[in-house]
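The tour below goes from one selection to the next.

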Amino acid sequence: MSTILYYKYGDLLNPSDKVQDAFIKLWENCAKVAPEAAKSYLYTVANNMMLNEVKHQKIVFKHQEVKPKDYTNETPEFMLRKKEFLKRYETALSTLKEEERVAFLLSKVDGKTHKEIAELLNITKKVAEHRIYAALNKLKDQLEELN
């Protein structure tokens with residue numbers, strides 16, 4: 001579950017901490033939560049915690065300036081090309097459907113197998129494969145470096 005939150009919100013907001021907090025909340029409310037609803041309860045609580053953290057971080061960033069490092073060994077041309085590619089890559093990722101993006105990142109970043117992805121997302125292996133390949137094809141259409 002923390003992997004899904006990681007792909008949805010990023011690592012900066014500590015998704016694994018939110019998952020742990022969700023389990024604590026489930027434990028505190030175990031008498032109120034039906035066993036068959038525990039999974040959706042955990043996901044909903046963790047997702048809401050992440051959304052609250054996003055709101056909080058927006059306020060923090062307004063009052064705090066994040067300064068990047070001011071040195072590098074890379075040439076200015078390389079840095080510009082890298083920055084442009086990352087921007088286009090993020091834009092291309094954002095155009096994917098959420099389920100395609102999650103399956104693609106689980107496969108390519110985490111190195112999960114199609115079977116593991118299917119189990120994690122509670123879908124069939126074929127659906128996982130379809131989502132990954134659909135995402136890859138869309139990314140290839142938008143980024144010529146991937147061809």
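Start with helix H4, residues 76-95, and select Phe85 and Tyr89: they sit four residues apart in this helix, so about one helical turn separates them. This is a predicted model. The two rings form a stacked aromatic pair, with 6.0 Å from centre to centre and 15° between the planes. The count of aromatic pairs comes to one. Colour by accessibility and both residues show as partly exposed: Phe85 has a relative accessible area of 23%, and Tyr89 one of 22%.

Next, select Leu93, Phe104, Leu106, Ile117, Leu121 and Leu139. These are the residues with the most contacts inside the largest nonpolar core, which has 18 residues. Helices H1 (2-9), H4, H5, H6 and H7 (125-142) each give two or more residues to this core. The largest share, five residues, comes from H5.

What does Ile117 touch, leaving aside its neighbours within four places in sequence? Its contacts are Ala103, Leu106, Ser107, Lys112, Ala128 and Ile132.

Now select Leu5, Val19, Ala22 and Leu26, which are among the eleven residues of a second, separate core.

Finish at the largest pocket, with a volume of about 340 Å³. Of its 13 lining residues, select Ile4, Lys39, Tyr43, Leu120 and Leu121, which lie nearest the centre. Helices H3 (38-63), H5 (98-108) and H6 (114-121) each contribute two or more residues to the lining. Coloured by class, the lining shows six nonpolar, two polar and five charged residues.

Key:
Residues numbered from 1 in each chain as written. Predicted model: local features only at pLDDT ≥ 70, side-chain atom pairs only at ≥ 80, totals over all residues. Heavy atoms only, no water. 1 Å grid on protein atoms, 1.4 Å probe; cavity = no way out; pocket = protein on both sides within 12 Å on 5 of 7 lines; lining within 4 Å. Points joined across faces, edges and corners; volume = space filled by probe spheres on them. Nonpolar A, V, L, I, M, F, W, Y, C, P; charged D, E, K, R; others polar. Phe/Tyr/Trp six-rings, centres within 6.5 Å; stacked < 30°, edge-to-face > 60°. Buried < 20%, exposed > 50% of the residue type's maximum accessible area, 1.4 Å probe, protein only. Core = buried A, V, L, I, M, F, W, Y, C linked by side-chain atoms within 4.5 Å. Contact = heavy atoms within 4.5 Å.
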